[in-house]
Amino acid sequence: MSKTAELKLNGQTYELPVIEGTEKEIAIDIGELREKSGAITLDLGYKNTGATKSAITFLDGDQGILRYRGYAIEELAEKSTFEEVSYLLIFGKLPTRQELEEFSYDIRTHTLVHEDIKKILDGFPSTAHPMGVLASLFCAQTAFYPESLDPNRSDELVYLSIIRSLAKMPTFAAWSYKNALGHPVNYPDNELDYCSRFLKMMFALPGQRYEVDPVVAQALNQLLILHADHEQNCSTSTVRIVGSSRASIYASISAGINALWGPLHGGANQEVIVMLENIRKDGGNIEKWINKAKDKNDPFRLMGFGHRVYKNFDPRAKIIKRAADGVLAKLGVKDPVLDIAKKLEEVALQDDYFVERKLYPNVDFYSGIIYRALGLPVDMFTVMFAMGRLPGWIAQWKEMRDNKEPIGRPRQIYVGERLRPYVPIDQRG
Ligand code: ACO
């Protein structure tokens, strides 16, 4: 039975269709509201606005549930690989052994990037933040694969651009790091799996033997899976909205990388370590920093805390916290900021300010500690997030394309000056 909602405005009642998702979430469809009533809805930050119907990721922020294509994140993080999860997100089902082998083979055979892209890389000073370099190199693919600009390109070409995106991302990511060091870049070793290949490009030095530590590769595999999609967040919405103008997949994902960079989004993982280090250097006075976070006259926020959607706990943070203990123990790393992070969490979770506002550690709170233990520098943390989020961006871009969604174009309520006459310059006060 179809449901409707009623809206009363200026003495008139409007009936609006109600949409129900497979997990019983409810939306009021306002698609014809303006046409019928002249009114629009206003929702700063899209806190209550559904921008699309999607079959990729389900999350319930109150219950702390996250599922990719119906599979629980906890199970995928434990049993799957990043390539398999990428296939699942993008194509909607777990691959058969043969499908996975073919997918993995296709990725392996596209890991090299055009040598001229290295010239673009060489143009960046070593002070360049790797996220800016990554976004630029990713977008530069539009120049090397101009067929990606054709909005009507075939599904085969779309598949190729998906494979190229997944294959070249670790190469771009590792090269952005080498650029910051001023070191020569490493080329991909296609004998290795996805995560090991990336690690070797990151850490191998000329003339030295480099063996990938399987503990490190496995920890990275898990972190990438946990970051792989998160429905309509800031960067994913950016990818969909840029893609809705029929821009190339490379341009759309490059825009997503830029959106992720901000400290309120993916950039928070870098900020968390900076914050924990500052607390440590300041003598480890947790109460003082908790009070700073609560003080409305102080711009400081507890980085890695709070989430737009999760208001109970972030399931990814739970897995990562457990993993942090395990990885550090296996690698024999003792990081004093892990103790500070745990203490900070403990104190914050008992404090009325954080309890009332439902502020809990998010995915970024413990991930930086693992990245650090894996030997990754702080500037690379958000790049790691981008590598993980890539299959999600691709899946969302593809869904938007397959569903032939209209161009994204929000409206506004204008609050500026009304019509007024132009004033000649010598008559202005
Ligand atoms: N520290 C202190 N206070 C906070 C924090 C925090 N980390 N987060 C939210 N609050 C407070 C706000 O000041 C506000 O208080 P008020 O009601 O008294 O004004 C209230 O909690 C609600 O916060 P909003 O900013 O309105 O919540 P919103 O949903 O818009 O923001 C966000 C969510 C951006 C994640 C926010 O919690 C934040 O800035 N956290 C720190 C940055 C961070 O960790 N970002 C990563 C998010 S996860 C991700 O993108 C992968």
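Let's start with helix α4 (residues 97-108) and helix α7 (residues 155-181), whose axes come within 8 Å and cross at roughly 70°. Axes here are lines fitted to C-alpha atoms, for helices over the stretch in contact, and angles run from 0 to 180 degrees between N-to-C directions. Because angles of 65 to 115 degrees count as roughly perpendicular, α4 and α7 are roughly perpendicular to each other. Phe103, Asp106 and Ile107 of α4 make the contact with Tyr159, Ile163, Leu166 and Ala167 of α7, where contact means heavy atoms within 4.5 Å. Sorted by class, this contact has 6 nonpolar, no polar and 1 charged residues.

## About the model

This is a predicted model, in which local features need pLDDT of at least 70 and side-chain atom pairs count only at pLDDT 80 or more, while totals for chains, interfaces and linings use all residues. Residues are numbered from 1 along each chain as its sequence is written, and side-chain values use heavy atoms, with hydrogens and water left out. Helices are DSSP runs (H or I, at least four residues), numbered from the N terminus.

## The partners of α18

Now find helix α18 (residues 381-402). Helix α6 (residues 130-144) packs with α18 at an angle of about 35°, with their axes 9 Å apart. Pro130, Met131, Leu134 and Phe138 of α6 touch Thr382, Val383, Ala386 and Leu390 of α18. This contact has 7 nonpolar, 1 polar and no charged residues.

Helix α3 (residues 82-91) is another partner: its axis and that of α18 come within 8 Å and cross at roughly 20°. That makes α3 roughly parallel to α18, a term for angles under 35 degrees. On the α3 side, the residues are Phe82, Ser86, Leu89, Ile90 and Phe91. They meet α18 residues including Met387, Pro391 and Lys398. The classes here are 8 nonpolar, 3 polar and 1 charged.

## A pocket to explore

Which helix gives the most to the lining of the second largest pocket? Helix α18 does, with 4 residues. A pocket is an open set of points on a 1 Å grid over the protein atoms alone, where a 1.4 Å probe fits, with protein on both sides within 12 Å along at least five of seven lines; lining residues have an atom within 4 Å of a point.

The volume of this pocket is about 230 Å³, counted as the space filled by probe spheres set on the points, with grid points joined across faces, edges and corners. Among the lining residues are Pro151, Arg153, Trp397 and Asp402. The lining divides into 4 nonpolar, 2 polar and 5 charged residues. Ala, Val, Leu, Ile, Met, Phe, Trp, Tyr, Cys and Pro count as nonpolar, Asp, Glu, Lys and Arg as charged, and the others, Gly among them, as polar.

Methods:
Helices (H or I, at least four residues) and strands (E, at least two) are DSSP runs, numbered from the N terminus. Angles under 35 degrees count as roughly parallel, over 145 as roughly antiparallel, 65 to 115 as roughly perpendicular and the rest as oblique.
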